Amino acid sequence: MPLDPAVAQLLDGLRQQGFQSFERIGVDATRQAIETFTGLQHPPREVARVVETAYGSEDRQRARIYVPEGEGPFPVVLYLHGGGFVGGGLDVVDGPVRALAAGTGAIVVAATYRLAPEAKFPAAHDDTFQALRWAAKEVTAYGGDPARLAIAGDSAGGNLAVSAALRAHEAGEPAVAAQVLIYPLVDATADTPSKREFAEGYVIHTAALEWFGAQYVTGPDDLADPRLAVTGSSSLGALGPTLILTNEYDPLRDEAERFGAQLRDAGARATVRRFDGLVHGVYWMSAAVPRSAEQHDAVVSFLREHLR
């Protein structure tokens, strides 16, 4: 399919602004660039209540809790932001998370985690598993029902989400009813046609993916660890229903779609939806790319079905 016209306009604007790939601008500039995605979003939707608090044994990480309108108890979704393990935070996903809470009627908990290169693997993975356990334990105070708990994430956040769900199964708690993985990283070492075909020119470059990984890992052993290379987990068949969203013009497309097939082969229920003409990152671009609403609607529909 041809590029979506709104995406083509966005990419042309980036070229005119002289945007360079993330690996060329460094950590600080990458973090600043990621935060500018808020300018590509619709004004945030209203929800009944937003509370920010700390989680973790040292209270160093933040959880922002979005409570929807209506009477509880509400289902619960833990949302983990992308950013290559290097950038991102609560503000850049505030708009998408508010829309998710309003659309699903669920409490959505957005959590921070330690970022690379200051914190290496498995810091982000350990933090987000702790966030999942914290949400299951504490969300009742905000009207949530931990028996209806899902986890979601985009890009690197998708990796963190499925990793946390797998660790929860292996630990025996908490129970995770469903996963949503939005153009996730699942195997950094995978050599796929999409990584070659869309290596440059589509928001995220293949070389940038390698650079992001190099900020987080310390060597090949980390890359092979099933907490990061989730395709190597022996527990895939135990995962709950999983929705995987991919985009046609995305280096991560093929590995995510193969992961969906791997989940099904392992006995899990997995649905993969590819969005033709779109690129990595559009879930954060509600104003700039109108068709991002299709991805939002797919996530809302899936979660409403599996968190009844």
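**Charged pairs, a helix and a loop**

Mentor: Let us begin with Arg291 and Glu294, whose side chains meet in a salt bridge at 3.0 Å, N to O; the term stands for a side-chain nitrogen of Lys or Arg within 4 Å of a carboxyl oxygen of Asp or Glu. Please keep in mind that this is a predicted model, in which local features need pLDDT of at least 70 and side-chain atom pairs count only at pLDDT 80 or more, while totals for chains, interfaces and linings use all residues. Residues are numbered from 1 along each chain as its sequence is written, and side-chain values use heavy atoms, with hydrogens and water left out.

Trainee: Which residues do salt bridges that share partners join into one network?

Mentor: Glu52, Arg62, Arg64, Asp91, Asp94 and Arg98 are joined in that way. Within that group, the side chains of Arg64 and Asp91 form a salt bridge of 3.1 Å, N to O. Arg64 belongs to strand S2 and Asp91 to the loop between S3 and H3, so this pair ties together parts that are 27 residues apart in sequence. Helices here are DSSP runs of H or I with at least four residues, strands are runs of E with at least two, and both are numbered from the N terminus. Arg64 is buried, with a relative accessible area of 12%.

Trainee: And what does Asp127 pair with?

Mentor: Asp127 forms a salt bridge with Arg114, and their closest N and O atoms are 2.9 Å apart. Since Asp127 lies in helix H4 (residues 123–138) and Arg114 in the loop between S4 and H4, the pair ties together parts that are 13 residues apart in sequence. Asp127 is buried at 6% relative accessible area, whereas Arg114 counts as partly exposed at 33%.

Trainee: How many salt bridges does a search of the whole structure find?

Mentor: That search finds 18 salt bridges.

Trainee: Switching topic, why is helix H3 described as largely enclosed?

Mentor: Helix H3 covers residues 94–104, and ten of its eleven residues are buried, so the rest of the structure largely encloses it. Among the buried ones are Asp94, Arg98 and Leu100.

Trainee: What covers the buried residues of H3?

Mentor: The cover includes strands S1 (49–55), S2 (61–67), S3 (74–80) and S4 (107–111), together with helix H10 (292–306). Just after H3, Gly105 takes a positive phi of about 70°.

Trainee: One more spot, then: where is Ala199 found?

Mentor: Ala199 is in the loop between helix H6 (193–197) and helix H7 (206–216), and with a relative accessible area of 24% it is partly exposed. Leaving aside neighbours within four places in sequence, Ala199 is in contact with Ser194, His205 and Thr206, where contact means heavy atoms within 4.5 Å. Ala199 and Asp250 are 51 residues apart in sequence, and their C-alpha atoms are 8.4 Å apart in space.

Trainee: And zooming out, how many helices and strands are there in the chain?

Mentor: The chain has ten helices and eight strands, and of its 308 residues 59% count as buried.

Terms used: Buried means under 20% relative accessible area, exposed over 50%, partly exposed in between (1.4 Å probe, protein chains only).
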